[in-house]
Amino acid sequence: MTFHFIFADKEEQRTKKTKNSPSCLGYPVSIFFIVVNEFCERFSYYGMKAVLVLYFKYFIGWDNDLSTTIYHTFVALCYLTPILGAIIADSWLGKFKTIVYLSIVYTIGQVIMAISAIHDITDTNRDGTPDNMTFHTAMSMLGLMLIALGTGGIKPCVAAFGGDQFEEHQEKQRSTFFSIFYLSINAGSLLSTLITPILRAQECGIYSKQSCFPLAFGVPAALMVVALIVFIAGHSMYIMESPKGNILLRVMKCIGFAIKNRFNHRSQQHPKREHWMDWAEEKYDKLLIAQVKMVLKVLFLYIPLPMFWALFDQQGSRWTLQATTMDGNFGAFIIQPDQMQIVNPILIVIMVPIMDSAVYPLIKKCHINFTPLRRMTVGMLLAALAFVAAALLQIQIDQTMPNFPSSSQIQVKFLNLENTSVPVEVEGQEPFAVPGFDVSSNNDTSNLNRSHIYIYRIAICRDENCKARKQCKPIARLLFCTDLIPSLLRANFTIVNEEGQTCHYILQLGFGSSYTVLIPSTFSFGESCTENIKAIQDIEPNGIHMAWQVIQYFLMTCGEVVFSVTGLDFSYAQAPSNMKSVLQAGWLLTVAVGNIIVLIVAEAGSLPDQWAEYVLFASLLVAVSIIFAVMAYFYTYMDPMEIEAKFMDLEPEEKKRKELGMTTKDNLARFGRFIEFDMVKTSVKVAMCHSHLRWCYCRWDLFMSI
């Protein structure tokens, strides 16, 4: 699990409302509202996201590929909308109003998702299956779009708004706040990833009991309501800045003008310039152009990065679906497939201090120049290695899985309740015999081509109160009521006849197992009624334990710590003073593009086996890592402060020289003679010390005498 921030640039002039903000232990009281808001919002987002892919598969009924595609489309939108949120906050509404308005949109989206998961809304015949799946699909898509707009829109605002609550002399408190802020994100994601799968595993419903997706989505929706209320409650204590324009828009306009100007002067009669961004000099000052050049230099390095996120974000899709084919029984407790994602935040809390306090210092003592770009390369290779581990695990899982029919086949099962074997002939298939009921192997399964499908419709009568219904006319005058206890992997069956006699039968289950329960004609009620009931195992329980997934999660988390944390630090260090948010927006864009890569592969890929897809992704990331390593080798680290100081030093000189040139021309026209200027340069050192970065530059003022 990874977390991204877009921080407000500390170099910008602050135009805050002047108010006496109450404080507690040296901290503004307002930040506690912001921290609680972030905890609840992250709980809401990660809780909903944890069960999303299983909702697509088991409730909506999509296959693995389509579920993966929609899941990653949603994640991509969540990382595209932060750019929109930053522009709205900086240009029009301000951070506070942007957070409030988009949080309302966010909350509505979560509520719609919870409503879309209530199967009883369209279950008119009360059989446990929605009769209008189009309604549920449309509602869920609407909810996801609103959630993507809300969570992405507030992403660049909340952390920056928290930083705005501190004065310039509270640098230490501000730093501590961001640590607490990050902790609240981890706490929210950790608890939600643990709790919502448990809620999803419960059974709920008005007329029929099904997996409780409404509760799994409803609790995150409730937490989002709490987040909104808490944030608004602190309104009177906040220090708020008025919108002052978005630097991202200025950068885009500058780049657009340079491209347009270069295109208009593409003929050979115009002299070439050192850099194509220099074509913006006619409209923009050299300082801004130099800053844009630095940003573009880093953004060029971002080109290979989406491939890392293409692998990383599959923890919530492909890896969760892989866990559904594994055994989650840990003895003392049961782990749900979507709960395995909790391994990532737990390992993050463990690995970050280990890397910072042990691994990196040890590498430094070995005199290895482990630069940030080299760290990122290693992180990408570790992610590729994680997918190799996932592929090896998938191969072992496939060996324990039954032979499911292909897309051109259908599976038919023949049961022989007689004591002797019965020969069976199916058109287009080889004749075979189905053993008798008393034989240990008393069933046979055959895959038939789709052109030879025989469908026999049998009405199954199910009553919630285990009472016979007059409109139900089953072949066997028996009704079944099932009470599945997931935590005990046990199913309790109650067989009831019209006279009210009952027979209780308990069936021990296993993760992924499938059984056919046979009740022979010799069945009779009484104390020994279960002796003749036979449970035939159609599919064996999952034989591979979920604990084996910890290996790939460990490798992926190590890759994330080395790649993501280092990448954010590198981006911040290489960004110009007033364009750090621009590079953060570019970083978030790589996450979105990575998820788009996954949905393209999931839809366009035709690999027959899942392990082959894992190997494909690992191979692509290794290839991209090599390209990135080459790009990093030729990259020259910059000192943005030094470059900015040079241009900030030259700008006043150029302006005064232009003014001097205009004055000289006027004097020549007036007096018709040459006037010699004695340029007396008086060095006046003006300390322009940055409050945080501690840098200074000198400005030379020109004085002219005639």
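Of the 131 residues in the largest nonpolar core, Leu52, Tyr55, Phe56, Phe74 and Phe217 touch the most other members. Such a core is a set of buried Ala, Val, Leu, Ile, Met, Phe, Trp, Tyr and Cys residues joined through side-chain atoms within 4.5 Å; buried means under 20% relative accessible area, exposed over 50%, and partly exposed in between (1.4 Å probe, protein chains only). Helix H13 (residues 372-400) contributes the largest share of this core, 12 residues; helices are DSSP runs (H or I, at least four residues) numbered from the N terminus. A second, separate core of 9 residues includes Phe493, Ile495, Tyr505 and Phe523.

The model is predicted: local features need pLDDT of at least 70, side-chain atom pairs count only at pLDDT 80 or more, and totals for chains, interfaces and linings use all residues. Residues are numbered from 1 along each chain as its sequence is written, and side-chain values use heavy atoms, with hydrogens and water left out.

The whole structure holds 37 aromatic pairs. Rings of Phe, Tyr and Trp (its six-membered ring) pair if their centres lie within 6.5 Å; planes under 30 degrees apart count as stacked, over 60 as edge-to-face and the rest as tilted.

| Pair | Centre distance | Plane angle | Class |
|---|---|---|---|
| Trp309 and Trp587 | 6.0 Å | 85° | edge-to-face |
| Trp319 and Phe387 | 5.5 Å | 35° | tilted |

Tryptophan 309 lies in helix H10 (residues 306-312) and tryptophan 587 in helix H15, so their pair ties together parts 278 residues apart in sequence. Both tryptophan 309 and tryptophan 587 are buried. Tryptophan 319 and phenylalanine 387 are likewise buried. One aromatic cluster is formed by Tyr55, Phe56, Phe59, Trp62, Phe213 and Phe217.

Technical notes. Helices (H or I, at least four residues) and strands (E, at least two) are DSSP runs, numbered from the N terminus.
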